[in-house]
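Trainee: Could you take me through a close look at the charged side chains in this structure, and how they pair up?

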Amino acid sequence: MVPAKPVPGAAWMLAATSFVPRSTTAVHPLARSLSSSTTPTPTAATTATPTPTAWSRLARLARSPRISVTCNSTNRAALASKKDLHSYQHAEHTLLSHLPTTLDWSVTRVAIPRQFWHSGSVLDRLATARARTGPEYAINTLVVRKRGSTEEKPPLVLLHGWAGALGMWINNLEALAEHHTVYALDHLGWGGSSRPAFAQLFPTCDPDDAALAGRAYFVEALHAWRTHAPFDNVAPEDPPLVMIGHSMGGYIAASYALAHPETLARTILLSPIGLQGFPAAPTNETDGVRARVTRAVVQGVWASTPQRVLSVLGETRSRALMSRARGRVARFYGDDRIAHDMVEYLWRGVRRAPGIAGERAFAALGSPAIAGWRLALHDQLLAAATVPGAPMYGKLAVAYGLRDWIDPSYAIRELAPRGVPVYLLPNAGHHGYVEDAERFARVVVARGAQVPEARSGVGKELADDLVRERQGGWSVA
């Protein structure tokens, strides 16, 4: 029997809300020879362990019917107060003030209809009356252009990952704006966007319906945003977009591309979750009481969302927990001032209506502790992106860091041999956009020039080693 890979503990789940890049595997020798950077390889930082008091609060939260994913869920439905939003916007502006003076940028809240989904959507079937009526929602959008440029450049859309926000792309915007007008947005339910309460507006007892609704919550809102976004000099329905999604954003980008392939010139998935999906983490018959309790607590934290848990810990403890990430952020962004402002920015995002909106919609898609991932995309991707003449053929690329906790084996085995470029970023873990920003930019603007690619040369050697390393154990893909 293959030993079970341990389920991440609740302490890891809490620390992960800061979404700081970290590495758990030594750099591959071939990758080291490829690297031209003198930046030291990042090392894993010690994760904070909750105090006994915090553990008891987590246990109560996991048992509470208020965070149940069943029909008994009664999460608070109130949206963030104006004070919370203004505090968040101030932190966002402070972070973005670090952008180079060579860029012109602005943040706008793009209005989308309250009933943003199409008729026939699972959201249409599940929506309450309250979901259909009321004020419009807003998608927080950063627009970046090269200062002084009069050239019309194709639009590029950046979709952040779980617990992230548009400001996390701050180190990439200058390079990307050389070739594109860049639109970085906060997903519905995240960052500075509106926070509609997912479980209350689209209630269901069926976990499969909840997963379909969770995906539609993001994809339908993204399509509504595209219809209303202020693209340069063209009607919203005209421009073929380049869309890049990281992690959760990669899953949303891939789902959007499958639903609306005609709107995209190219889709790039960076460390995407959910392409192959994953089963629930395996258990051993010898698992003790502590292991089973830990798994139950992790499931409770996941279902309630770590953002909600941070709010239960209170302002002082939650801020202290996220502040421990500052040193790691400074190493990756290269500036302690950015690190300080980034941590404050992410913390303000966590404090806005924690756990009721985008976090809850994502949690409905599955969990590592019990359910596994419910809506894998592999069959659809193979049909749409690897068959000549299919809607996404020649328009998809995937990239992973060599130390990524997302398993790249599926993409290497199934997509690369069928013509989909699968790039490997030697200096990166899960956050290649900041850990290996130069190569990430080449993937986007130069179609992977001088970046290892899984089908040939050094890239194939690296890919073969990665597949061998991941064989036999439980992993997330």
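Mentor: Happy to! Helices here are DSSP runs of H or I with at least four residues, numbered from the N terminus. Keep in mind that this is a predicted model. K460 is partly exposed at 39% relative accessible area, and D464 is partly exposed at 31%. Elsewhere, salt bridges with shared partners join R319, E344 and R348 into one network.

Next comes a pair that links distant parts of the chain: D209 in helix α9 and R125 in helix α5 (residues 122-126), 84 residues apart. Their side chains form a salt bridge at 3.0 Å, N to O. D209 is buried, with 16% relative accessible area, whereas R125 is exposed at 53%.

Helix α9 (residues 207-228) also holds E220. E220 is buried but has no salt bridge, and the nearest side chain of opposite charge, R215, is 9.1 Å away. What E220 does have is a polar contact of 2.6 Å with the side chain of H118. Leaving aside residues up to four places away in sequence, E220 touches F116, W117, H118, S121 and L123.

Technical notes. Residues numbered from 1 in each chain as written. Predicted model: local features only at pLDDT ≥ 70, side-chain atom pairs only at ≥ 80, totals over all residues. Heavy atoms only, no water. Helix = DSSP H or I, 4+ residues; strand = E, 2+ residues; numbered from the N terminus. Buried < 20%, exposed > 50% of the residue type's maximum accessible area, 1.4 Å probe, protein only. Lys, Arg positive; Asp, Glu negative; His and termini not counted. Salt bridge = Lys/Arg side-chain N within 4 Å of Asp/Glu carboxyl O. Polar contact = N/O pair within 3.5 Å; in protein donor to acceptor, adjacent residues only side chain to side chain. Contact = heavy atoms within 4.5 Å.
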